[in-house]
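Hello,

Here is the structure I promised to pass on. Have a look at it first, and then read my notes below.

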Amino acid sequence: PPPCAMAGCAARVPPGSEARLSLATFLLGASVLALPLLTRAGLQGRTGLALYVAGLNALLLLLYRPPRYQIAIRACFLGFVFGCGMLLSFSQSSWNHFGWYMCSLSLFHYSEYLVTAVNNPKSLSLDSFLLNHSLEYTVAALSSWIEFTLENIFCPELKQITWLSVTGLLMVVFGECLRKAAMFTAGSNFNHVVQNEKSDTHTLVTSGVYAWFRHPSYVGWFYWSIGTQVMLCNPVCGVGYALTVWRFFRDRIEEEEISLIHFFGEEYLEYKKRVPTGLPFIKGVKVAL
């Protein structure tokens, strides 16, 4: 059968099976953690890695057909990145903190899909992995990798400030947990795309983490993204990420709150008065009295 469109793939997979399929293939990819056993058995590192990757893809092609293959290959890839990150994290090299980053990045993208599959399957698509988020997101990620590599070559001592990397890791864990708590609390009200039309099931969520912040998922992503650069000890991207992400969420929140005021009227305006956005110096859309 022909490959399906990206946004429609999940819709033709039997309902409820996406989460199980993605989890199984994520763990399959993460089994790269067993690669050191192959090298001890006599295979050279690069040869063993190449054979492992080829074997994984062959297995997925054998087991799955579109649209299941499109889900499986993405989840397996993220699991593979997570496994490689774990191996790098425990290596005796100046790249071990980059291993922390690889684990954080892959878990973030995979958990976005998994939580959506469990929590709001009606809105699930391949886009829920957020791997194709935007050109700007891709450029930002590449920039951080380039900065880390160059500074690791020319200023390796800059990448071994353990207390700073641990601080970044804590920011990442905090941000990730807050975002996922927001997704679970919102349930079917959460969507990766700002909604311009109110559905019949759309309700205003003000409990749980939404009693602390009006936009807890954005607060989580904000601190997660900055935390990744603190973890990598990337001074240039650290500042760049903070400014860029702050501006992005300032505009995003204003756009979203226009829709929320239209949907819920006085109920949202009262909520807006009581609860802050959670992001520094961002108050949301201004309402004329």
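UniProt, in an unreviewed entry, places the feature "transmembrane region" at residues 21-39, 45-64, 71-90 and 221-243. Please keep in mind that what you have here is a predicted model. I looked at two of those stretches in it. Residues 71-90 are 95% helix and 0% strand, with 29 Å between the end C-alpha atoms. For residues 221-243 the figures are 87% helix and 0% strand, and there the end C-alpha atoms are 14 Å apart.

Ser89 is worth a visit on your way through. This residue belongs to helix α4 (residues 68-89). Is Ser89 buried or exposed? Its relative accessible area is 13%, under the 20% cut-off, so Ser89 counts as buried. A polar atom of its side chain lies 2.7 Å from the backbone oxygen of Gly85, and the Ser89 side chain also reaches the backbone nitrogen of Trp100 at 3.3 Å. Beyond its neighbours within four places in sequence, Ser89 is in contact with Asn96, Gly99, Trp100 and Cys103.

Now to the largest nonpolar core, which has 68 residues. The members touching the most others are Tyr101, Phe129, Tyr210, Trp221, Trp224, Phe249 and Leu279. Helix α5 (residues 96-119) supplies the largest share of this core, 11 residues. Because domain 1 (16-132) and domain 2 (133-284) both give residues to the core, it lies between them.

Setting aside neighbours within four places in sequence, Trp221 is in contact with Phe108, Leu130, His133, Tyr137, Gly175, Arg179 and Phe249.

Terms used: Residues numbered from 1 in each chain as written. Predicted model: local features only at pLDDT ≥ 70, side-chain atom pairs only at ≥ 80, totals over all residues. Heavy atoms only, no water. Core = buried A, V, L, I, M, F, W, Y, C linked by side-chain atoms within 4.5 Å. Buried < 20%, exposed > 50% of the residue type's maximum accessible area, 1.4 Å probe, protein only. Helix = DSSP H or I, 4+ residues; strand = E, 2+ residues; numbered from the N terminus. Domains from an automatic or database assignment. Contact = heavy atoms within 4.5 Å. UniProt positions renumbered as here; feature names shortened; annotations may be inferred. Polar contact = N/O pair within 3.5 Å; in protein donor to acceptor, adjacent residues only side chain to side chain.
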